[in-house]
Amino acid sequence: MVVSGVSADSDIGVALRAFHIWGGFDDAYVQNFQDLNAALEWCENVLLQADYLIRAALLASPNNIDIPESRQDARSEISFAPASPRQRLLKDAARAALDDEPHTRKSMGQVNQPLALLLQIFQETSFDSYEDILRRISVHFQRIEVQADTVLWEQDDEPDALYLVEQGLLHFSVEMNQHSKVIETVIPGVMIGEMSVFTDQIRRDTLVAEIDSVLWKLDKETYDKLSNNEADLILGFVKIGLGFTAQSFVTMKRLAFALQ
C-alpha cells in the first residue's frame with residue numbers, strides 16, 4: 001500500500017496508525033510519501049528494479065524457455081499449447097519479446113564487451129560508419145564494479161568520466177530546498193554522463209548506485225587525449241552520442257506533454 005499526501009497527525013493519519021497501517025522506508029507493505037510525485041517515483045523505481053531482476057534471471061538461465069533462433073519459425077514454435085498456466089505466460093512473454101525486439105545488425109553474442117553494449121545502445125543510429133567508430137572507442141573503456149550506495153558523482157562536480165551501464169540500477173537526484181529529490185532511475189543498456197564530458201560543464205545532478213552495478217568507464221583524461229590525437233574518432237563519437245541524447249530528450253518531452 002502506498003499512502004501519499006497524508007500527514008501522521010491528520011485524522012486519516014491517526015486512524016491509519018491506530019490500525020498499524022503506517023509504514024516507513026524499510027517497510028515491505030506500506031509506504032508513506034508527502035506528495036503524489038514522490039509516491040509515483042517510488043512505484044516507478046520498484047517496477048524498474050523488478051524488470052531488471054527478471055531480465056537478469058532470464059539471462060542467467062537462458063534454457064528455461066526454448067526460444068528458436070530463427071525468427072521465421074518463431075511464431076509457429078511458440079504457438080504450441082503449453083502444459084500449464086505458468087508455461088503459457090512464459091510463452092506469451094517470449095512471443096512479446098520477439099515482437100518487440102528491434103532488428104540488430106549484429107549478433108551480440110559474437111561481440112565482446114563493451115563493444116556489444118555500445119552497439120546495443122546505439123543500434124538505432126543512422127550515422128555512417130558508426131560501427132567502426134564504436135569499435136575504435138570501445139578499447140578505451142574500463143570495466144568497473146560499484147557497490148550499492150556508491151556515489152559516482154555529486155551535483156556541481158567537475159566532469160571526470162562518462163559511463164555505460166551493463167548491470168545494476170542507479171538514480172539521479174538533485175538538491176532542491178535543502179532536500180534531495182530523485183529525478184530519474186537508470187537501468188542497464190544506457191550511456192550516462194556524456195553531456196558534461198562533451199561540453200566540459202559541471203554536473204547538474206548526483207548519481208548514486210542503488211544496487212551493486214557493473215559499468216564501463218571512459219574517463220575525461222582519456223577523452224581529452226583522444227580529442228587531441230584522434231580528433232576524427234572523438235568527433236564521430238560525439239555525433240553518435242548527441243543523437244542518442246537528442247532522442248532521449250524528445251522521448252522525455254513527449255512524456256511531459258502527455259502528463260499535462
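Arg143 is partly exposed at 42% relative accessibility, where buried means under 20% relative accessible area, exposed over 50% and partly exposed in between (1.4 Å probe, protein chains only). Arg143 forms a salt bridge with Glu145, the closest N and O atoms being 2.8 Å apart; a salt bridge is a side-chain nitrogen of Lys or Arg within 4 Å of a carboxyl oxygen of Asp or Glu. The model is predicted: local features need pLDDT of at least 70 and side-chain atom pairs count only at pLDDT 80 or more, while totals for chains, interfaces and linings use all residues. Residues are numbered from 1 along each chain as its sequence is written, and side-chain values use heavy atoms, with hydrogens and water left out.

**Salt bridges**

- A search of the whole structure finds seven salt bridges.
- Glu145, the partner of Arg143, is exposed, with a relative accessible area of 60%.
- Asp200 and Lys220 form a salt bridge at 3.5 Å, N to O. Asp200 lies in the loop between H7 and E9 and Lys220 in helix H8, so this pair ties together parts that are 20 residues apart in sequence. Helices (H or I, at least four residues) and strands (E, at least two) are DSSP runs, numbered from the N terminus.
- Lys220 is buried at 12% relative accessibility and also forms a salt bridge with Asp224, with the closest N and O atoms 2.9 Å apart. Both residues lie in helix H8, four residues apart, about one turn of the helix. Asp224 is partly exposed at 32%.
- A network of salt bridges links Arg136, Glu230 and Asp232.

**Nonpolar cores**

- The largest nonpolar core has 28 residues, and those with the most contacts inside it include Phe122, Phe141 and Phe237. Such a core is a set of buried Ala, Val, Leu, Ile, Met, Phe, Trp, Tyr and Cys residues joined through side-chain atoms within 4.5 Å.
- Among the elements that each supply at least two residues of this core are helix H6 (130-138), strand E5 (161-167) and helix H9 (231-259).
- A second, separate core of 13 residues includes Val146, Leu152, Val186 and Ala209.

**The open sheet**

- Four strands form an open sheet in the order E4-E9-E6-E7, with antiparallel pairing; two strands pair if DSSP finds at least two bridges between them.
- Strand E4 (151-153) and strand E7 (179-186) stand at the edges with a single partner strand each, so one side of each is left without a neighbour in the sheet.
- Two bridges join E4 to strand E9 (residues 206-209), and Trp153 has Leu207 in E9 as its bridge partner.
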